[in-house]
Amino acid sequence: MSHTEKTVTSRTIYEGRVISLRVEDVELPDGKLAKRELVKHPGAVAILAVTAEGKLVLVRQFRKALERTLVEIPAGKIEPGEDKRITAIRELEEETGYRAEQFEYIQSFATSPGFADEVIHLYVATDLKKVENPAAGDEDEFIDILECTIEEAEQLVSDGQVFDAKTLYAILYAKNMK
């Protein structure tokens, strides 16, 4: 039996700067109809940045959706028509002030496939160099930079300061890189 749902009707109910919201009527595999509320997202990159000393470069910022401050790996939205590797290079510099001599693609993954089409593309950045005059970040982002060992990052997970899936995945990946 096919698990495919055929779209019968689709309408956009909100078009924003980062996401759009769509409601779709679908025909289920058994022929019945159902509604799907979908978040459309252009995709994002995330960067596991590792210093020469083996420390992870993390950022601390407030996340309104959760009403709390989180510690995360640097990340950002892919702009229309932008190559995801270029996005990763740009976001690393904007959020941390670092450039990397080595950028390696690791994995892509869906964040919440039950209702959103966002895919994050994860990179590892090494051979980091501080940029004298880094590209300016988004004017509505207020970020603190942390550099910590994998053990310190794991403690941030235990303390609940690291709470998002991309950062949890990256820390696990970094632990296995050793």
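User: In which strand is Gln102 found?

Analyst: The model discussed here is predicted. Within it, the stretch of residues 98–110 forms a strand that contains Gln102. The element in question is strand 8.

User: Is Gln102 buried, partly exposed or exposed?

Analyst: The relative accessible area of Gln102 is 43%. Buried requires a value under 20% and exposed a value over 50%, with partly exposed in between. Gln102 is therefore partly exposed.

User: Where does Glu67 lie, and what is its phi?

Analyst: Glu67 lies in the loop between strand 5 (56–63) and strand 6 (68–72). Its relative accessibility is 49%, so Glu67 counts as partly exposed. Phi is positive in this residue other than glycine, with a value near 55°.

User: Is His121 buried or exposed?

Analyst: His121 lies in strand 9, which covers residues 119–130. A residue is buried if its relative accessible area is under 20%. With a relative accessible area of 13%, His121 is therefore buried.

User: Which side chain is joined to that of His121 by a polar contact of 2.6 Å?

Analyst: Leaving aside neighbours within four places in sequence, His121 is in contact with Ala44, Val45, Ala46, Ile78, Lys84, Tyr105, Gln107 and Ser108. One of these contacts includes a polar contact of 2.6 Å between side chains. The partner of His121 in that polar contact is Ser108.

User: How far apart are the C-alpha atoms of Glu15 and Ser108?

Analyst: Glu15 is found in strand 1, residues 6–15, and counts as exposed because its relative accessibility is 61%. Along the chain, Glu15 and Ser108 are 93 residues apart. Their C-alpha atoms are separated by 25 Å.

User: Is Lys166 buried or exposed?

Analyst: Lys166 lies in helix 3. Its relative accessible area is 10%, so Lys166 is classed as buried.

User: Which side chains are joined to that of Lys166 by polar contacts of 2.5 Å and 2.7 Å?

Analyst: Lys166 touches Ala46, Glu72, Ile73, Ala75, Phe109 and Ile120, not counting residues up to four places away in sequence. At 2.5 Å, a polar contact joins the side chains of Lys166 and Glu72. At 2.7 Å, the side-chain partner of Lys166 is Asp164.

User: How are helix 2 and helix 3 oriented to each other?

Analyst: The axes of helix 2 (residues 150–158) and helix 3 (residues 165–177) come within 10 Å and cross at roughly 150°. Angles over 145 degrees count as roughly antiparallel. Helix 2 and helix 3 are therefore roughly antiparallel.

User: Which residues meet where helix 2 and helix 3 are in contact, and how many of them are nonpolar?

Analyst: From helix 2, Ile150, Ala153, Glu154 and Val157 take part, meeting Leu168, Ile171, Ala174 and Lys175 of helix 3. By class, this contact has two charged and no polar residues. The number of nonpolar residues is six.

User: What pattern does the protein chain follow along the sequence?

Analyst: The protein chain has three helices and ten strands. Read along the sequence, these elements give the pattern β-β-β-β-β-β-β-α-β-β-β-α-α.

User: What percentage of the residues in the protein chain is buried?

Analyst: The C-alpha trace spans about 60 × 30 × 30 Å along its principal axes. Among contacts with a separation of 6 or more, residues 24 or more positions apart account for 57%. Of the 178 residues in the protein chain, the buried share is 37%.

Key: Residues numbered from 1 in each chain as written. Predicted model: local features only at pLDDT ≥ 70, side-chain atom pairs only at ≥ 80, totals over all residues. Heavy atoms only, no water. Axes fitted to C-alpha atoms, helices over the stretch in contact; angles between N-to-C directions. Helix = DSSP H or I, 4+ residues; strand = E, 2+ residues; numbered from the N terminus. Parallel < 35°, antiparallel > 145°, perpendicular 65-115°, else oblique. Contact = heavy atoms within 4.5 Å. Nonpolar A, V, L, I, M, F, W, Y, C, P; charged D, E, K, R; others polar. Buried < 20%, exposed > 50% of the residue type's maximum accessible area, 1.4 Å probe, protein only. Polar contact = N/O pair within 3.5 Å; in protein donor to acceptor, adjacent residues only side chain to side chain.
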